[in-house]
Amino acid sequence: MVHANRTIGAELGGVAVEGSGAGLRGQLARHALLPLRLFLGATFLYAGIDKLTNPAFLAASGAGSLGEMLRQVHDAAALPQLVDLAQQNPVVFGYAIAAGELAVGLGTLVGLLGRLAALGGALISLMLWITVSWATTPYYYGNDLAYLMAWLPLVLAGTPMFSLDAAWAHRRRRHGTQLFG
């Protein structure tokens, strides 16, 4: 048996792979992305709530503020132009990041527009990597790059299991292309 054949029975992105079965291996393959989805969704939801409930973070200056962090990372960022943009109004930028993290976290957890939510998470992680954690050495000490890589399987596969996306796809298959009615 070739190693690549061990994934037979998987359903990836709603498309069944040849030989899909109800065996344990097939069940595990169909649910392989669920732990990653739950972790990333809960983490981003928590991050958004944490930012919104931390008045120090949403301040333009002072200890623990986004404004202060932007000043600290400016010269070490891969794209200091992004930091300059955020520094124009750090409070608004802080609310935007928090709202983005909330949307990504909720979308990922409930599986609503799963690929779009994962893409949003990947873009937030990319933005944080090239600004905040770019200068971290060695690179594997910075978690933003790892989060970016963790989002990519969900960008590719979406949320095909236990999700609103899956429920809507099932409804479309049963009732044709009509979503409602």
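Predicted model: local features only at pLDDT ≥ 70, side-chain atom pairs only at ≥ 80, totals over all residues.
Helices here are DSSP runs of at least four residues, numbered from the N terminus.

**The largest pocket**
- Lys51, Ile97, Glu101, Leu128 and Asp144 are the closest to the pocket's centre, out of 23 lining residues.
- Several helices each bring at least two residues to this lining: H2 (34–52), H3 (66–73), H4 (80–87), H5 (90–110), H6 and H7 (143–157).
- Sorted by class, the lining holds 16 nonpolar, 4 polar and 3 charged residues.

**The nonpolar surface patch**
- Helices H6 (114–131) and H8 (164–175) each supply at least two of the patch residues, and H6 gives the most, with 4.
- H6 is also one of the helices that supply the pocket lining.

- Leu116 sits in helix H6 and counts as exposed because its relative accessible area is 56%, where the cut-off is over 50%.
- Trp168 belongs to helix H8; its relative accessible area is 34%, so Trp168 is classed as partly exposed.
- Trp168 and Leu112 are 56 residues apart along the chain, and 9.6 Å separates their C-alpha atoms.

Definitions and conventions
Residues numbered from 1 in each chain as written. Heavy atoms only, no water. Buried < 20%, exposed > 50% of the residue type's maximum accessible area, 1.4 Å probe, protein only. 1 Å grid on protein atoms, 1.4 Å probe; cavity = no way out; pocket = protein on both sides within 12 Å on 5 of 7 lines; lining within 4 Å. Nonpolar A, V, L, I, M, F, W, Y, C, P; charged D, E, K, R; others polar.
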